[in-house]
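Here are some friendly notes to read with the model open beside you. Take the points one by one, and look up each place as you go.

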Amino acid sequence: MAAFVGGECVGLSSPKYVEAYDMWQVFLTIYGDSENKPVEFRAWDASTGKLYSDLTPADVTFKNNTIVGTPVAPKMIATTNKILQTIALNKGWNWIAFNNQSAAFSDLNRALQSVAAVDGDELKGQKSGQFSRYSGAQKLWSNATLNDAGLVNTSMYMLRVTNPGELAISGTALNPADVTINLVQGWNWIPYIPTVHMTLKEAMSGLTPSEGDIIKSMTEFAVYDKNLGWIGSLENMNANAGYMYKAAQQSTFNYPATTSLQTQQATAVRNHAAMVNGLGSHASKYEHNASMIAQVVLPNNEQLPEGTRIIAKAGNEVRGIATITGIGNGRQRVFLSLHGNASEAIRFVLEKDGKEIPLNKIIPFKQDAVLGSIDNPIVLTTESGDEISIYPNPFSNRLNITVDAKQPKTVTIMLFNTMGTTVFHQAYTLNYEGKHLLQLDANIIGKLPVGIYQLRMTSSNGESNVFNVIKK
């Protein structure tokens with residue numbers, strides 16, 4: 001139980017069992033420097049994760065050196081069905097959801113009044129017209145009614161803030177089992193209604209998913225497999241968070257009303273693992289993400305230990321981190337969330353023996369893309385059958401490739417821009433074992449816009465190599 005004066009916490013205590021009166025009582029010391037100010041009480045129920053506000057009666061004022069109530073006749077304070085939801089906000093993008101029903105939902109200026117908003121902060125919903133931007137000059141949110149739809153607790157929202165802080169909103173407590181979540185085919189912005197954390201399996205027990213359905217948070221995701229169930233980096237769902245769900249078909253579901261104690265206790269460990277495994281709060285820098293299921297294949301089929309990290313980068317900036325995970329029958333996969341705001345070339349490195357080892361793929365970032373699957377993952381490898389050099393890099397009007405071929409073959413060279421569009425395509429015949437010089441057509445290369453390109457060389461024997469090249 002906590003006491004507040006003017007929104008500031010001025011006292012905190014937990015119930016204590018008083019055997020003489022067979023009663024749980026709270027002995028709460030309240031601090032202050034001004035008398036006759038009203039004291040607001042809030043109560044936290046750890047078993048349900050609910051923070052109760054608007055406790056009654058609200059007739060206590062602060063007076064120095066006074067005592068309210070006695071052990072034989074304590075001051076009776078009761079909870080109502082009003083709860084206060086508090087959502088921690090990182091600087092940048094936040095995926096949020098509401099687990100109460102608030103009268104403030106119809107007006108963003110009321111609902112978001114606890115947010116330290118500045119000019120340019122914005123909120124987005126999934127539906128057309130659900131967009132608002134904060135005006136620092138007017139100190140108001142535009143389109144405050146979201147085209148008369150208001151905020152709802154059956155969808156998630158993306159909120160971008162300049163200043164980290166907290167969103168606090170009071171409303172009537174919900175029973176998650178009474179709130180139906182509708183899914184349409186394709187991507188859905190869904191809320192997490194319960195006030196306690198649950199494992200993904202338990203949280204989604206009210207849904208019959210289809211093969212290949214995907215659920216993702218800002219930093220993790222999981223895919224549904226008919227043999228494995230939910231598998232991926234997303235293992236639990238967290239209170240106050242929003243998620244995206246890609247459904248193969250239209251359906252509905254409800255969250256469970258309660259969770260097991262074991263699930264609640266295990267969550268802290270999983271949350272810590274998620275922060276180590278992913279980008280954590282740094283993911284808030286980016287509005288969008290994509291999901292990739294990969295497999296790392298090394299020369300001589302070397303098996304990497306589980307927990308080995310794979311890092312995605314755009315240039316030298318980290319855009320995703322995941323670990324190698326065993327999925328049974330000796331198979332390993334990497335469930336990697338990629339982050340970005342625009343189309344960029346994403347490269348990958350393997351952490352091994354204290355070093356970063358480049359891997360062979362470069363992939364254009366595309367928001368909400370799903371790359372690879374459990375049975376057909378994106379293959380990342382360090383192996384190259386031929387010795388290949390590319391120069392100059394960066395290039396301007398010419399680009400050369402030397403190939404020390406181990407056998408005669410035909411190779412196809414393709415260049416892709418960051419949008420994934422093919423800008424160069426040509427086949428070359430390597431008719432002997434040994435070194436070859438491949439000179440890309442200067443008439444095409446010289447006219448390419450400045451930027452980053454993916455060069456892919458595919459051989460007739462099935463080998464494929466991918467490189468990052470820069471036009472200056």
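1. Residues are numbered from 1 along each chain as its sequence is written, and side-chain values use heavy atoms, with hydrogens and water left out.

2. How confident is the predictor? The score to look at is pLDDT, the predictor's confidence in each residue, from 0 to 100. Its mean over the protein is 90, and 95% of the residues reach 70 or more. Where pLDDT is low, the predicted coordinates should not be read in detail.

3. Now the overall build. The protein has four helices and 38 strands; these are DSSP runs numbered from the N terminus, with at least four residues (H or I) for a helix and at least two (E) for a strand. The C-alpha trace spans about 100 × 55 × 45 Å along its principal axes. Of the 472 residues, 45% are buried, meaning under 20% relative accessible area, while exposed is over 50% and partly exposed lies in between (1.4 Å probe, protein chains only). Among contacts between residues at least 6 apart in sequence, 65% join residues at least 24 apart.

4. Next, find the open sheet whose five strands come in the order S8-S13-S10-S11-S12, with antiparallel pairing. Strand S8 (92-96) and strand S12 (140-141) are at the edges with a single partner strand each, so one side of each has no neighbour in the sheet. Two strands pair if DSSP finds at least two bridges between them. Strand S10 (residues 122-124) and strand S13 (residues 157-161) are joined by three bridges, and Leu-123 has Leu-159 in S13 as its bridge partner.

5. Finally, is Asn-81 buried or partly exposed? Asn-81 counts as partly exposed because its relative accessibility is 46%. You will find Asn-81 in the loop between strand S6 (50-52) and strand S7 (82-89). Ser-53 lies 28 residues from Asn-81 in sequence, and their C-alpha atoms are 8.5 Å apart. Beyond its neighbours within four places in sequence, Asn-81 contacts Gly-171, Thr-172 and Ala-173.

Methods: This is a predicted model: local features need pLDDT of at least 70, side-chain atom pairs count only at pLDDT 80 or more; totals for chains, interfaces and linings use all residues. Contact means heavy atoms within 4.5 Å.
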